[in-house]
Amino acid sequence: MVGKSRPFFEEILTPAWNSLAELNIFTVKRLAEILGIETPLYIASELGAFLDDPDERLIAITKHFGADTYLAGSGGRDYMDLSLYKQHGIEVIFQEYRHPVYEQLFGPFEPCMSIVDLIFNHGKESLHILSGEGGSE
């Protein structure tokens with residue numbers, strides 16, 4: 001995989017990006033492609049105008065897609081107004097992410113590295129490791 005990394009880094013580091021957001025969007029889409037993730041990705045700012053309040057905006061986006069469930073990061077418990085979601089009939093599920101342990105080339109396992117580290121170490125198996133189907137605990 002390391003030999004195949006050059007085009008990826010050239011793709012993200014060569015263009016003169018107009019904004020950090022533009023670079024980030026491209027990088028996320030490209031990494032999803034490399035991992036084989038086929039779930040459609042949307043840019044909230046391209047969906048239309050939504051309210052400024054963070055909770056109301058997330059509720060509107062959830063409804064925009066006809067969903068009744070919102071998956072939030074575990075930190076959302078500290079700031080989300082869950083009563084608003086309930087009023088709108090939206091269930092909030094908090095992700096309890098557990099970092100997968102995987103073999104790295106050099107030394108003992110070092111957690112919280114970039115997804116690039118996982119891809120470099122495991123290539124096509126990376127998505128299986130992320131989904132809990134590979135790696136070791």
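The following passage describes the fold of a predicted model, and then selected helices, loop residues and aromatic pairs within it.

The structure is a predicted model in which local features need a pLDDT of at least 70 and side-chain atom pairs count only at pLDDT 80 or more, whereas totals for chains, interfaces and linings use all residues. Residues are numbered from 1 along each chain as its sequence is written, and side-chain values use heavy atoms, with hydrogens and water left out.

The protein chain has 6 helices and 2 strands, where helices (H or I, at least four residues) and strands (E, at least two) are DSSP runs numbered from the N terminus. Read along the sequence, these elements follow the pattern α-α-α-β-α-β-α-α. The radius of gyration of the protein chain is 18 Å, well over the 14 Å that the globule rule gives for 137 residues, so the chain is more spread out than a compact globule; the radius is taken over C-alpha atoms, and the globule rule is 2.2 Å times the number of residues to the power 0.38. Along the principal axes, the C-alpha atoms fill a box of roughly 50 × 40 × 25 Å. Buried residues make up 23% of the 137 residues, with buried meaning under 20% relative accessible area, exposed over 50% and partly exposed in between (1.4 Å probe, protein chains only). The protein chain exposes about 9,900 Å², of which carbon and sulfur atoms supply 55%, the accessible areas coming from the Shrake-Rupley method with a 1.4 Å probe and, for residues, with only the protein chains shown counting as cover. Among contacts (heavy atoms within 4.5 Å) between residues at least 6 apart in sequence, 34% join residues at least 24 apart.

Trp-17 lies in the loop between helix 1 (5-13) and helix 2, and with a relative accessibility of 25% this residue counts as partly exposed. When residues up to four places away in sequence are not counted, Trp-17 touches Glu-11, Ile-12, Glu-22, Leu-23 and Phe-26. The side chain of Trp-17 also reaches the backbone oxygen of Ile-12 at 2.8 Å, a polar contact being a pair of N or O atoms within 3.5 Å of which, within protein, one must be able to donate a hydrogen and the other to accept it, while residues adjacent in sequence count only if both atoms are side-chain atoms. Within helix 2 (residues 20-35) is Arg-30, which is buried at a relative accessible area of 18% and which, with residues up to four places away again left out, touches Phe-8 and Glu-11. Ile-37, in the loop between helix 2 and helix 3 (54-64), is partly exposed at 35%; leaving aside neighbours within four places in sequence, Ile-37 is in contact with Ala-32 and Leu-127.

In helix 3, the buried residues are Asp-55, Ile-59, Ile-61 and Thr-62. These residues cover an arc of only 165 degrees around the axis, which puts them on the same side of helix 3, the arc being that of the directions from the helix axis to the C-beta atoms. Strand 1 (69-72) and helix 4 (82-87) are included in what covers the buried residues of this helix. At the start of helix 3, a side-chain oxygen of Asp-53 reaches to within 3.2 Å of the backbone nitrogen of Asp-55, and the helix is followed by Gly-66, whose phi is positive, near 70 degrees.

Helix 5 (residues 115-122) has Val-116, Asp-117, Leu-118, Ile-119 and Asn-121 buried. Ser-114 caps the N-terminal end of this helix, with a side-chain oxygen 3.0 Å from the backbone nitrogen of Val-116, and Gly-123, which follows helix 5, has a positive phi near 50 degrees. Most residues other than glycine have a negative phi. Cys-112, although not a glycine, has a positive phi of about 65 degrees; this residue is found in the loop between strand 2 (91-94) and helix 5 and is exposed, with a relative accessible area of 65%.

Rings of Phe, Tyr and Trp (its six-membered ring) pair if their centres lie within 6.5 Å, and planes under 30 degrees apart count as stacked, over 60 as edge-to-face and the rest as tilted. By this rule the count comes to 6 aromatic pairs. The rings of Tyr-102 and Phe-109 have centres 5.1 Å apart and planes at 80 degrees, so this pair is edge-to-face. Tyr-102 is buried at 5% relative accessibility, whereas Phe-109 is partly exposed at 25%. Phe-8, Phe-9 and Phe-120 form one aromatic cluster.
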